[in-house]
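Here are my notes for someone opening this one for the first time. Have a look at the model, then go through the points in order.

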Amino acid sequence: MVKASLLRKDGNCEWNFFSVAKNSSQSSSSSSGSQRTVSPRKDPQGEVNGLQFMQIFIHLLKSNIGTRFLGLPLAVKNAGLLVGPVSLLAIGVLTVHCMDILLKCASHLTQRLQRSLVNYEETMMYSLETCPNPWLRTHSAWGRYIVNFLLIVTQLGFCSVYFMFMADNLQQIVEEAHFTSNICQPRESLVKIPVLDAPFYMLTILPFLILLVLVQNPQVLSVFFTLATITTLGSLAVIFKYLIQIPWHSSLPLVASWKTFLLFFGTTIFTFEGVGMVLPLKSQMKSPQQFPAVLYLSMSFVIFLYICLGTLGYMKFGSDTQPSITLNLPNCWLYQSVKLMYSVGIFFTYALQFHVPAEIIIPYVISRVSEKWVLFVNLTVRTALVCLTCFSAVFIPRLDLVISLVVSVSSSTLALIIPPLLEIATFYSENMSCVTIAKDVMISILGLLGCVFGTYQALYEMTQQAHLSMANSTKGYT
């Protein structure tokens, strides 16, 4: 079911989750200010028709379990059997705390300015508008532009990586089909028979993803995300079933080298993908006052999964741990189905990550066209953005490493650097304690270190890939 948002007869601007509506009378003010607000949808009788507690839980779960999740065993290997899980817990707690800060700042600003619910970039702009520093107040609009840019880069980067992940998994399943059996034995080196390149699979997936992002009914999408969560958790159940089987490696190092720890930190920061979804999801919840509870519950479960997968995966495979745990699984149909199920989950998660840049870009575009073109432009821009992420994955060599470099900067900034600074800017004029200021400064410094470490990791991966390509160029193709 494809549902496009149209203008209401009363002339107000209505926003639905995964839907766009814009009043032409607000076009000029939207381009200069911030008229884009988000509010729970209402039915004709005036009753709120928002998302339920469990639906929000599923959205938060899916938005934080992405492609990097499968690389956590290697991340723990880079940190050590003791330092890895403890650091995962610490980074997870800090990330959730920053999400809570973002929620608190947004809620405080809506009450202070008597506005409806605001999103991330509006929170940044309004916070700077009310801070004591006159220079920041004068340039508050730049805060909104910076957050918009970082959100677009981060979320579209995730979407491009999703294209590559799904295509690579489908390609592996096809190319290993000749060697796959019903008997699950440890994976060995296989001589694969090249059938079709990964770009073919990307272009095959493209029409289905276009149809998915054109679906703008939140209830229909919630059904899709429920199916995605079931397939993702099903694939994880199969993985954990294999991981808990003995034997595990013994005498693994508790603390790894500081150089490899930098790789751990960069990977872990990139794994938490859901910070951009916090405010949009809260705005669409039927009972927004319950959002902190569902946030803590879902993120606690996510952190628990992170620690379990990273620790058990490293204990199972030891020094043989691969960048993705699926590469360590036996080559049989049971574990090949893990790739397929996880790819299905990533397919539907694409729409969830796509929502954020679409919410930023589409209102800006449709505010510049007449009312009769709103629906056409809405669907056209959605299609163009999906094609952009697909063609980027097809035509840019080693796009995954390029995106790792870019997103390591933007993701760290959005997750750990900006929220603490927002708290200082928002509450400094209200007798904010020195302890809170010191805490926020320390978190921002840690986020800056994560940005540096993430950049180091991406450059390291690029260097390793370049060396591997040079080595392979001296060998014949088997």
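1. Let's begin with a detail: which residue forms a salt bridge with Lys 439? Glu 423 is the partner, and the closest N and O atoms of the two are 3.2 Å apart. The pair links distant parts of the chain, with Lys 439 in helix 16 and Glu 423 in helix 15, 16 residues apart. Keep in mind throughout that you're looking at a predicted model.

2. Now step back to the overall picture. The protein chain has 16 helices and zero strands. Of its 478 residues, 54% are buried. If you take the contacts with a separation of 6 or more, 82% of them are between residues 24 or more positions apart. The accessible surface is about 20,600 Å², and carbon and sulfur atoms account for 68% of that area.

3. Residues 293-313 are 100% helix and 0% strand, with the end C-alpha atoms 30 Å apart. Residues 198-215 come out at 94% helix and 0% strand, and there the end C-alpha atoms are 26 Å apart.

4. Back to the charged side chains. Side chains of opposite charge can pair when their charged atoms come close. The count for this model is four salt bridges. One of them joins Glu 423 and Lys 104, at 2.7 Å from N to O. Glu 423 sits in helix 15 (residues 399-427) and Lys 104 in helix 4 (residues 83-113), so this pair links distant parts of the chain, 319 residues apart.5. Lys 104 counts as partly exposed, at 39% relative accessibility. Lys 439, from the opening point, is partly exposed as well, at 27%. Lys 104, Glu 423 and Lys 439 belong to a network of salt bridges that also takes in Asp 440.

5. Arg 112 and Glu 430 form another salt bridge, with N and O 2.8 Å apart. Arg 112 lies in helix 4 and Glu 430 in the loop between helix 15 and helix 16 (434-473), so the pair ties together parts that are 318 residues apart in sequence. Arg 112 is partly exposed, with a relative accessible area of 29%, and Glu 430 is partly exposed too, at 38%.

6. One more residue to look up is Ser 343, in helix 13 (residues 333-366). What does Ser 343 touch, leaving aside its neighbours within four places in sequence? The contacts are Phe 165, Met 166 and Asn 169. Ser 343 is buried, because its relative accessible area is 7%, and buried means under 20%.

Definitions and conventions:
Residues numbered from 1 in each chain as written. Predicted model: local features only at pLDDT ≥ 70, side-chain atom pairs only at ≥ 80, totals over all residues. Heavy atoms only, no water. Helix = DSSP H or I, 4+ residues; strand = E, 2+ residues; numbered from the N terminus. Buried < 20%, exposed > 50% of the residue type's maximum accessible area, 1.4 Å probe, protein only. Contact = heavy atoms within 4.5 Å. Areas by Shrake-Rupley, 256 points an atom, 1.4 Å probe, with all protein chains shown as cover. Salt bridge = Lys/Arg side-chain N within 4 Å of Asp/Glu carboxyl O.
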